[in-house]
Amino acid sequence: MAKESTTIDIGETSTVTKSTSHALVDEKKKGFVTAAPGGGYKRGLTIFDFLLRLAAIGITIGASSVMFTAEETLPFFTQFLQFQAGYDDFPTFQFFVIAIAIVASYLVLSLPFSIVTIVRPLAVAPRLILLISDTVVLTLTTAAAAAAASIVYLAHNGNANTNWLPICQQFGDFCQTASTAVVAASISVVFFILLIVISAIALKRH
Amino acid sequence: MKNESTVIDVPAESSSAMKGSAPLIGVARDHTTNGSGGYKRGLSIFDFLLRLAAIIAASVAAGTMFTSDETLPFFTQFLQFEAGYDDLPTFQFFVIAMSMISGYLLLSLPFSVVTIVRPLATAPRLLLLVLDTAAMAFNMAAASSAAAIGYLAHNGNQNTNWLPICQQFGDFCQKTSGAVVSSFVSVVFFIILVVLSGVALKRH
């Protein structure tokens, strides 16, 4: 085996280069443990993402169950209106309960993906999956919340032009409970927007 | 200036092998960076075209709802014989929201052009993604609340004694339903735009 040999001249700054390279080696060693400084900030974002998901699960389950149990029976008989009101009297509220329940179960199923992004902060595929499915679910949540909000608005104010009477004047408790559910769903919409923005920032190239 | 010197033994065979493979590595790296820029540029062009389509969908929705007036030729005992978008606050919200969405989309076109010209820049894409998400939620809110009122106008509600007005105002109902459908189409475009921006932001 023929061997070639070469001579490399190292200049005066050898001590300086030695110390910086030593620091670089140390950083590299650290990097293996924490997956580089970029990974640290992404891990923080992902933990915030996980906590937001937990909060959104709580709020969506709350919204769905509050609307589900929004019944009221009046003690007296009124001539023109039914004396019982429940969420199943309005197809929009039925859609609301079902849609928000679907959103809550999606959030529970997405928790493992969120944990994966915490453990592997530089992995792209789980984050992209979360971003796409969060966008779709945001659409569903907004649809349910907005449709229910328009019916609640109508129930509170009525409409003189179409002769739709405001039923909240008779069914005060029912209206209050339904309004609370709609507000909770709107808060979950804000959470979803935050989740999508977090995923996008974490996906960003450095 | 003190000079230190050291001797490094380089085996002959591996040196020729390394010399042979080094240029290939260099070429491969260049190819990858150009490739990712090219594929992202393609995504940006598709993004720009989708924005143009969404502008059309959103402005059609706003315009159709705005001009959905109908006056009945006869007088009915219980209902007004004129119907327009401004009789229902939800439809007013719809018109205003869709106009704002169209305006936002027009203003976002320059940012989209910037992402075409500089496909590897992340700041414009991230800004577009965040604003598109908010605009999509706003669009969906307008579309679904108008859809709920449209459903009520078509079917009424027996439990609350809300009569279906579409039986008298057929044209008005048709136009408002068309506007709501166009608005949902714009929402689908927004979803694709958000996903596109997310994929294009991806690191390689």
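View 1. Leu54(A) is partly exposed, with a relative accessible area of 40%; buried means under 20% relative accessible area, exposed over 50%, and partly exposed in between (1.4 Å probe, protein chains only). Leu54(A) belongs to helix H2 (residues 36–68) of chain A, where helices (H or I, at least four residues) and strands (E, at least two) are DSSP runs numbered from the N terminus. Together with Ile47(A) and Leu51(A), Leu54(A) makes a nonpolar surface patch of about 260 Å². Patches consist of residues with over 30% relative accessible area and no salt bridge, like charges being joined within 9 Å and nonpolar side chains (Val, Leu, Ile, Met, Phe, Trp, Tyr) within 5 Å. Accessible areas come from the Shrake-Rupley method with a 1.4 Å probe, and for residues only the protein chains shown count as cover. This is a predicted model, in which local features need pLDDT of at least 70 and side-chain atom pairs count only at pLDDT 80 or more, whereas totals for chains, interfaces and linings use all residues. Residues are numbered from 1 along each chain as its sequence is written, chains are lettered from A and ligands numbered from 1 in the order in which they are written, and side-chain values use heavy atoms, with hydrogens and water left out.

**View 2. The salt-bridge network of Asp49(A), Arg53(A) and Asp134(A).** A salt bridge is a side-chain nitrogen of Lys or Arg within 4 Å of a carboxyl oxygen of Asp or Glu, and the whole structure holds 4 of them over all chains. Asp49(A) and Arg53(A) pair at 3.1 Å, N to O; both lie in helix H2 of chain A, 4 residues apart, about one turn of the helix. Arg53(A) also forms a salt bridge with Asp134(A), the closest N and O atoms being 2.9 Å apart. This second pair links distant parts of the chain, from helix H2 to helix H4 of chain A, 81 residues apart. Arg53(A) is buried at 0% relative accessible area, and Asp134(A) is buried at 0% as well.

View 3. Arg51(B) and Asp132(B) form a salt bridge with closest N and O atoms 2.8 Å apart. The pair joins helix H1 to helix H3 of chain B across 81 residues, and both partners are buried. Ser112(B), in helix H2 (residues 89–117) of chain B, is buried at 0% relative accessibility. Beyond residues up to four places away in sequence, Ser112(B) touches Ser44(B), Asp47(B), Phe48(B), Arg51(B) and Leu128(B), contact meaning heavy atoms within 4.5 Å.

**View 4. Met67(A) in the largest nonpolar core.** A nonpolar core is a set of buried Ala, Val, Leu, Ile, Met, Phe, Trp, Tyr and Cys residues joined through side-chain atoms within 4.5 Å. The largest has 106 residues, and those with the most contacts inside it are Met67(A), Phe93(A), Phe96(A) and Trp164(A). Its largest share, 16 residues, comes from H5(A). Leaving aside neighbours within four places in sequence, Met67(A) contacts residues including Tyr87(A), Phe93(A), Phe96(A) and Val182(A).

**View 5. Positive phi at Asn163(A) and Asn161(B).** Asn163(A), in the loop between H4 and H5 of chain A, has phi near 60 degrees, a positive value in a residue other than glycine. Asn161(B), in the loop between H3 and H4 of chain B, has a positive phi of about 60 degrees. Asn163(A) is partly exposed at 36% relative accessibility, and Asn161(B) is partly exposed at 37%.
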